[in-house]
Amino acid sequence: MEWHFGREAAGKCNPIKNRKTIIPLPPSSKQHTTLNTIEAIVNSGATDHFFPMKYHGNREADTDSITVYCANDSTMESKVKDKLNLPQLPKGARTCYKYPTNKISNPLFSVSKCINNDCSVHFWTNKTVTINQGKNGVTLIQGKQENNLYTINVPILSLIHIWR
């Protein structure tokens, strides 16, 4: 079975897994960019991207808070708005709301937000998920399925100075 979400078709959480990759800048530079990632659950029920406060993207600004009603009848209130470090996504699909870590421990990546910004999301039987530009466009992001959850890795950028 394969599931596809696009304009025509519009729980449980795993622990967050952090990964680190070093990307060198040009040789003349004395900095390296450390690219950490946070694993986000691809969620077809989330109305927006919801991330814990510990996620550091390209912070936009403090914002009027929004309240989200959760499946367990609780509520959580956002603290700031951020921008995901996923430049390949359309601009409107990159904003996210951040919540206190005691309210949300696993980031939720919204399928509907991607669809509303001209992307399509495909869940494949080979246990992968792809997010494409348009209905049949280029693959922008690829993720995986593990423990019955589809996830993608969202980069967290920070600069590390190398002293020579």
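Here is a quick tour of the fold, the cores, the ring pairs, one hairpin, a few loop residues and the cysteines.

This is a predicted model, and its chain comes to one helix and 14 strands. Of the 164 residues, 43% are buried. A search of the whole structure turns up zero disulfides, while three aromatic pairs do show up.

**Nonpolar cores**

- The largest nonpolar core has 25 residues, and the members that touch the most others are Leu89, Phe109 and Val154.
- Strand S14 gives the most, with four residues.
- Leaving aside neighbours within four places in sequence, its contacts include Ala40, Ile41, Val42 and Asn43. Leu84, Leu86 and Leu89 are also in contact with phenylalanine 109, and so are His49, Cys114, Ile131, Ile141 and Ile152.
- Another core, of 10 residues, lies apart from the largest one; Phe50, Tyr97, Ile104 and Leu149 are among its members.

**Aromatic pairs**

- The structure holds three aromatic pairs, and two of them are worth a look here.
- In the pair of phenylalanine 50 and tyrosine 99, the ring centres are 5.5 Å apart and the planes sit at 80 degrees; that angle is over 60, so the pair is edge-to-face.
- This pair links distant parts of the chain, with phenylalanine 50 in strand S4 (residues 50-52) and tyrosine 99 in strand S9 (residues 95-99), 49 residues apart.
- Phenylalanine 50 and tyrosine 99 are both buried.
- For phenylalanine 51 and tyrosine 55, the ring centres are 4.9 Å apart and the planes are at 55 degrees, so this pair counts as tilted.
- Phenylalanine 51 is buried at 0% relative accessibility, and tyrosine 55 is buried with a relative accessible area of 0% as well.

- S11 is mostly covered, with five of its five residues buried.
- Both faces of S11 are covered: one side carries Cys119, Val121 and Phe123, the other Ser120 and His122, and all of these are buried.
- S11 runs antiparallel to S12, and five bridges join the two strands.
- Across that pairing, valine 121 stands opposite isoleucine 131 in S12.
- The two strands form a hairpin with four residues between them.
- Lysine 127 sits in the turn of that hairpin, and its phi is positive, at about 65 degrees, although lysine 127 is not a glycine.

**Other loop residues**

- Asparagine 148 also has a positive phi of about 65 degrees without being a glycine.
- The place of asparagine 148 is the loop between S13 and S14.
- With 69% relative accessibility, asparagine 148 counts as exposed because the value is over 50%.
- Glycine 137 belongs to the loop between S12 and S13.
- The relative accessible area of glycine 137 is 31%, so glycine 137 is partly exposed.
- Glycine 137 and serine 120 are 17 residues apart along the chain, and their C-alpha atoms are separated by 8.4 Å.

**Cysteines**

- A disulfide is a covalent bond between the sulfur atoms of two cysteines.
- Cysteine 119 is in no disulfide: the nearest cysteine sulfur belongs to cysteine 114 and is 5.3 Å away. To count as a disulfide, the two sulfur atoms would have to be within 2.5 Å.
- Cysteine 119 is buried, at 2% relative accessibility.
- Cysteine 70, by contrast, is partly exposed, with a relative accessible area of 26%.

Note on methods. Residues are numbered from 1 along each chain as its sequence is written. This is a predicted model: local features need pLDDT of at least 70, side-chain atom pairs count only at pLDDT 80 or more; totals for chains, interfaces and linings use all residues. Side-chain values use heavy atoms; hydrogens and water are left out. Rings of Phe, Tyr and Trp (its six-membered ring) pair if their centres lie within 6.5 Å; planes under 30 degrees apart count as stacked, over 60 as edge-to-face and the rest as tilted. Buried means under 20% relative accessible area, exposed over 50%, partly exposed in between (1.4 Å probe, protein chains only). A nonpolar core is a set of buried Ala, Val, Leu, Ile, Met, Phe, Trp, Tyr and Cys residues joined through side-chain atoms within 4.5 Å. Contact means heavy atoms within 4.5 Å. Two strands pair if DSSP finds at least two bridges between them.
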